12 protein chains.
Amino acid sequence: MSENVYKTIELTGASTAGIEDAIQNAIAKASKTIHNMRWFQIIETRGSIEGDKVGKWQVTMKLGFTLNG
Amino acid sequence: MSENVYKTIELTGASTAGIEDAIQNAIAKASKTIHNMRWFQIIETRGSIEGDKVGKWQVTMKLGFTLNG
Amino acid sequence: MSENVYKTIELTGASTAGIEDAIQNAIAKASKTIHNMRWFQIIETRGSIEGDKVGKWQVTMKLGFTLNG
Amino acid sequence: MSENVYKTIELTGASTAGIEDAIQNAIAKASKTIHNMRWFQIIETRGSIEGDKVGKWQVTMKLGFTLNG
Amino acid sequence: MSENVYKTIELTGASTAGIEDAIQNAIAKASKTIHNMRWFQIIETRGSIEGDKVGKWQVTMKLGFTLNG
Amino acid sequence: MSENVYKTIELTGASTAGIEDAIQNAIAKASKTIHNMRWFQIIETRGSIEGDKVGKWQVTMKLGFTLNG
Amino acid sequence: MSENVYKTIELTGASTAGIEDAIQNAIAKASKTIHNMRWFQIIETRGSIEGDKVGKWQVTMKLGFTLNG
Amino acid sequence: MSENVYKTIELTGASTAGIEDAIQNAIAKASKTIHNMRWFQIIETRGSIEGDKVGKWQVTMKLGFTLNG
Amino acid sequence: MSENVYKTIELTGASTAGIEDAIQNAIAKASKTIHNMRWFQIIETRGSIEGDKVGKWQVTMKLGFTLNG
Amino acid sequence: MSENVYKTIELTGASTAGIEDAIQNAIAKASKTIHNMRWFQIIETRGSIEGDKVGKWQVTMKLGFTLNG
Amino acid sequence: MSENVYKTIELTGASTAGIEDAIQNAIAKASKTIHNMRWFQIIETRGSIEGDKVGKWQVTMKLGFTLNG
Amino acid sequence: MSENVYKTIELTGASTAGIEDAIQNAIAKASKTIHNMRWFQIIETRGSIEGDKVGKWQVTMKLGFTLNG
């Protein structure tokens, strides 16, 4: 990590496929407006239940990127 | 919750009237620049003291909204 | 507190009126099947947002009662 | 979320297949006696080790449902 | 905040009226012996239950004041 | 731990004798209605004070058992 | 709990005999200057080691009493 | 669990494949020098981001084994 | 603190000189795009190690500022 | 505490007799390979249940010792 | 640590010079009324921001001393 | 971070000079037996008090290194 300054934001991604896919969805969406993303950290994993199955997996993560990179 | 991606920010609202009003003030202010706000969660409730009374109630909350909804 | 044994459950009450009312709603509902309720403790306060206002206040609490009192 | 009251219980599901499957197992089992399940939240992910591999994945979650829905 | 030194104590106020009133009660009582109180922060909100209603609201707070101000 | 599903509940036991005895009291009481109890974990240890001595020891624990084992 | 105001302080008691005795020592000492003590809660349990044995048990607790009761 | 003594260490495993695989990698590596491993618990799940995708999944876990088994 | 609304963001500053300097670096960088900054709070202090010395000090902080001043 | 460097490890001791005895067992076992042990701190207290009684008390502690003292 | 009883209080010191100096300021001030101070522990490090620089460093600490030494 | 496996240990360094120096002391000592150290994270900052001044600064940190590099 250089002497750069990093900013961390909090996002929640969702997916019917599973935990990893919910994270990928959030990163893909964020990449449209944020460049120089560097890392993420899972904060919370939740999901909706429909009948007797998981409906959507919902993963909240912190996402760090270089500020004015 | 759909397969959308959500972003969470942290705000502190203040009020002389009480806890609920401090939250409403922060949401009203945020609504001028953020659309598609969906939920909030109280993180911390503080206040200033003036003499022997509460001066301002100060409530810090997380506020979630649909990203590029 | 006597040598009784206590059980704690977790409930979420909701209200359009405010935090205290959401708690009262949950206690009133629980009182239909649980007797000897003794105390509650707020765990989390959230809410939905509709437009630029709080929609429903949602308060999650622990609720303790005497077991087989 | 309506003005209903919700109850949250804590379950641990297990699976040899992975984290998502352990959660599905717990929800499927709970659905036999609980109706109106709405959401879950992962509290802890553990597992047993057999030799140099994971034996069982064990996921503890909170599970929320409408009370007397 | 100046180069003063501050001390923080922990108090629990109670009220039949609600959360804000329990805090006001504790601050009013503390003001009889402590001067230069500056801020408070809620640590825990609990209450007793009598029948199907909240009996007393009990709010534990940290309370900061200038030391030898 | 097999592929069973476990449920965890929260109990508070009390005793004038000490911490271990308060836990044993809660487990003995719970055993009248719950079978297949497997483990406990202490969450909080409190007590009442009478004069200059501990009155009752009050231990809150999580208690896990096999669901429909 | 009445509409009184309570104050909580933090003490550490020590004993060569065990956890319960360390708590009793702290309460006995505090009772010389504080009246109306009502409850305690264990915050941390530590100890010194001498050779291959526990030397002193050191228990830090919160201790609540009625303010100007 | 017998009257044995257990030791817990903290490891971080990495994988391009996903969360479960990162854990398996850490356990496989640890098994070369540690015998009698019994359980693990996830402490933190992070990852690097390369462009608009997860690069490496990095899972930090506690890993328990029988001491001098 | 007036009835204004405050926003809090999370930044990580780095420095080879030490903890205070890493914070100053982050604040200096943030001041180019954010006005009305009011306070910061350290969340985490980490660092890289090069050989037998600290390489870069990395301090993550929350940083609060008046919203739309 | 001198300018020495200390290392902390995490151990779990077990006993059928109680909490203090489980800690003594872990310290006695550790003393066979570690010298200069200085302090411990309880992290978690659990236990197995056999029928309507505690089977084994299991206490997880941090244990500190002088490094290359 | 002898069989004495210790009390812990919470103070916030401030300084324009840095973190260590803010702590020294609080300890120097406290020493005017408290004797037998033994240790401190940092609880929180904050600061005010003036323009693009840290104004005052504000460090909140627990401070322990022998009771009735 | 490559597909390597990392181990984290917990150390406490001490110094009369300040926080950064206590960390450097611990890293220097650890470097005599551990190679491939990569990062540290501060867990707790404490100190002894002698009279009205800090005696020794004591910083507890996690320290990560490549396992069997």
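**Close-up views of a predicted model**

**View 1. Strands β2 and β3 of chain G pair up.** Strand β2 (residues 37–50) of chain G and β3(G) run antiparallel, joined by 11 bridges. Strands here are DSSP runs (E, at least two residues), as helices are (H or I, at least four), numbered from the N terminus. Two strands pair if DSSP finds at least two bridges between them. In β3(G), W57(G) stands opposite G47(G). Two residues lie between β2(G) and β3(G), which form a hairpin. G51(G), in the turn, has a positive phi of about 70°.

This is a predicted model: local features need pLDDT of at least 70, side-chain atom pairs count only at pLDDT 80 or more, and totals for chains, interfaces and linings use all residues. Residues are numbered from 1 along each chain as its sequence is written, chains are lettered from A and ligands numbered from 1 in the order in which they are written, and side-chain values use heavy atoms, leaving out hydrogens and water.

**View 2. Strand β3 of chain G also pairs with β1.** 10 bridges link β3(G) to strand β1 (residues 6–15) of chain G, and the two run antiparallel. T60(G) in β3(G) stands opposite T12(G). Of the 14 residues of strand β3 (residues 53–66) of chain G, 12 are buried, so the strand is largely enclosed by the rest of the structure. Buried means under 20% relative accessible area, exposed over 50%, partly exposed in between (1.4 Å probe, protein chains only).

**View 3. Chain B meets chain I.** Here 13 residues of chain B are in contact with 11 residues of chain I; contact means heavy atoms within 4.5 Å. The area buried between chain B and chain I is about 1,200 Å², and carbon and sulfur atoms give 51% of it. That area is the accessible area (1.4 Å probe) that two parts lose on being put together, summed over both. In chain B, E10(B), T12(B) and K29(B) lose the most area to chain I, together 47% of what that side buries.

**View 4. E10(B) faces chain I.** A salt bridge joins E10(B) to K62(I), with the closest N and O atoms 2.8 Å apart. The rule asks for a side-chain nitrogen of Lys or Arg within 4 Å of a carboxyl oxygen of Asp or Glu. Three bridges join β1(B) to strand β1 (residues 6–15) of chain I, and these strands run antiparallel. T8(I) is the bridge partner of E10(B) in β1(I).
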